[in-house]
Amino acid sequence: MVKKYNCPGCGADMAYDPALGKLSCSHCGYAEEVTGGIEDWAASGSDAATSEGLGSGRTASGGLGSDAAASDGPGSAQGAYGSSGRAAEPALEYHCPNCGSVLVTGEKTTSVTCEYCDAPLVLADRLTGNYCPRRIIPFSVDKKAAVSAFKKWCHNGWFTPKGFTSADNIKKLHGTYVPYWIFNMRAHVVLDGTATRVRVRRSGDTEYTTTDYFQVYREGFMDFANVPYDASAKMVDSEMVKLEPYDLGQAKLFSMPYLAGFDSDQYDYEDGQLAAMVQDRVKDSAAGRLSQTLPAYATVNFPVRQVDFQMLGNDYTLLPVWSLSYIYKNKEYRFMMNGQTGRVVGKAPVSVPKLALFGGIIGVAAFIVQMILGVI
Ligand SMILES: [Zn+2]
Ligand SMILES: [Zn+2]
């Protein structure tokens, strides 16, 4: 089922506007709050449930512990925006309800903009069961701000290849909700080692040094809450880490209208597939925190003997990213921006001829200055 949101005032398409924090109509200016909650159309009729079944059974009872989402009551938006029909089976091919053209989507696409009529569309039947996100951080940075950050990032194209800052290329800048698992876990850490303390005593001309050796042992539990890990195969993990932190306290309960006007995909990796990697990420900090509980010693050799994790429930959450990728000389360059905080990562391509030209200009300028000074 393809969903779109029509303006009750003029009938035009509405999209989520990050600057307003509302679903808005760019035609007449009408705007309305996204009344949160998990707008799960399949939940109202079991006949329409997909084979994944309803309810992920994965979400933690503690969840994200977000106060910000407290006003978003689950299910409150049910039917609030109407729907354009219900598919009995998940469709393999989707049509734009606006212009009727076939939508070009990936297997996991959950929202798109129609490439013919620009209608913001949400593929509602792909957002059910296990694939219904628990939470979402809506975009706070709008496209205008993302474009100006892009231009600043690449110095207005001074050294980038021709066309990098062209309107056509900038058009490729798009907002995507990236699927994440937000992990909550308890670590049981055992540290076992040796430490020394040194005392120096002087008697006459003789100095006595006494070294005491201690067996040191620490064992403890530590809870880690809200550790994000991206669950998208398309995204490069090392780049996604650089986009952090996201303020998960601002996460809302998922609601489909947030997706209108942005791209989004289902997760590629289950939380279980990422557990070992996320545990690896926090292991050192767990051991480090525990070793800080030791009193002062002259030396400490405190290896980690054991770290076990108990998973406390993980939330499927969508996080906002602005991105633009560009191929130059067979290499991909990516501009990426945290859609909540505006943090920018990535490396812009450098055009060798432009750099040489710039070097030439500097060289000529230096030559002129030297001539004026009478050096030459
Ligand atoms: Zn309108
Ligand atoms: Zn269309």
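Trainee: Before anything else, what counts as a helix or a strand here?
Mentor: Helices (H or I, at least four residues) and strands (E, at least two) are DSSP runs, numbered from the N terminus. By that rule the protein has five helices and 16 strands.

Trainee: And what kind of model is this?
Mentor: This is a predicted model, where local features need pLDDT of at least 70, side-chain atom pairs count only at pLDDT 80 or more, and totals for chains, interfaces and linings use all residues. Residues are numbered from 1 along each chain as its sequence is written, while chains are lettered from A and ligands numbered from 1 in the order in which they are written.

Trainee: How much of the protein is buried?
Mentor: Buried residues are 32% of the 376. A residue is buried if 20 or more other C-beta atoms lie within 10 Å of its own, exposed if 12 or fewer, and partly exposed in between, with C-beta atoms placed from the backbone.

Trainee: Which residues touch the most others in the largest nonpolar core?
Mentor: Y16, L121, A260 and L319, in a core of 69 residues. Strand β8 (residues 174–203) gives the largest share of this core, ten residues. A nonpolar core is a set of buried Ala, Val, Leu, Ile, Met, Phe, Trp, Tyr and Cys residues joined through C-beta atoms within 7 Å.

Trainee: What does Y16 touch, outside its sequence neighbours?
Mentor: Beyond four places in sequence, Y16 is in contact with L23, V34, P138, F139, P257, Y258, A260, G261 and F262. Contact means that the two C-beta atoms, placed from the backbone, lie within 7 Å.

Trainee: Where does L23 sit relative to Y16?
Mentor: L23 is the bridge partner of Y16 in β3. Four bridges join β2 to β3 (residues 22–25), and the two run antiparallel. Two strands pair if DSSP finds at least two bridges between them. The open sheet has three strands in the order β2-β3-β4, with antiparallel pairing. Its edge strands are β2 (14–17) and β4 (31–32), each pairing on one side only.

Trainee: Switching to β5: enclosed or in the open?
Mentor: Largely enclosed by the rest of the structure, because four of the five residues of β5 (residues 109–113) are buried. β5 pairs antiparallel with β11 (residues 263–265) over two bridges, and with β6 over three bridges, also antiparallel. S111 has S264 as its bridge partner in β11 and stands opposite V122 in β6.

Trainee: What's in the turn between β5 and β6?
Mentor: Six residues lie between the strands of that hairpin, and D118 in the turn has a positive phi of about 65°.

Trainee: How about β9, enclosed or in the open?
Mentor: β9 lies largely in the open, because the number buried is two of its 25 residues.

Trainee: Which strands does helix α4 pack against?
Mentor: The buried residues of α4 pack against β8, β9 (206–230) and β13 (304–311). Those buried residues are D271, L274, V278, A286, A287 and L290.

Trainee: Where does α4 bend?
Mentor: At V282, by about 35°. The bend at a residue is the angle between axes fitted to the seven residues ending there and the seven starting there.

Trainee: Last one: where is R134?
Mentor: R134 is in the loop between β6 (120–123) and β7 (135–136). R134 is buried, with 22 other C-beta atoms within 10 Å. The C-alpha atoms of R134 and Y316 are separated by 5.4 Å, although the two residues are 182 apart along the chain.
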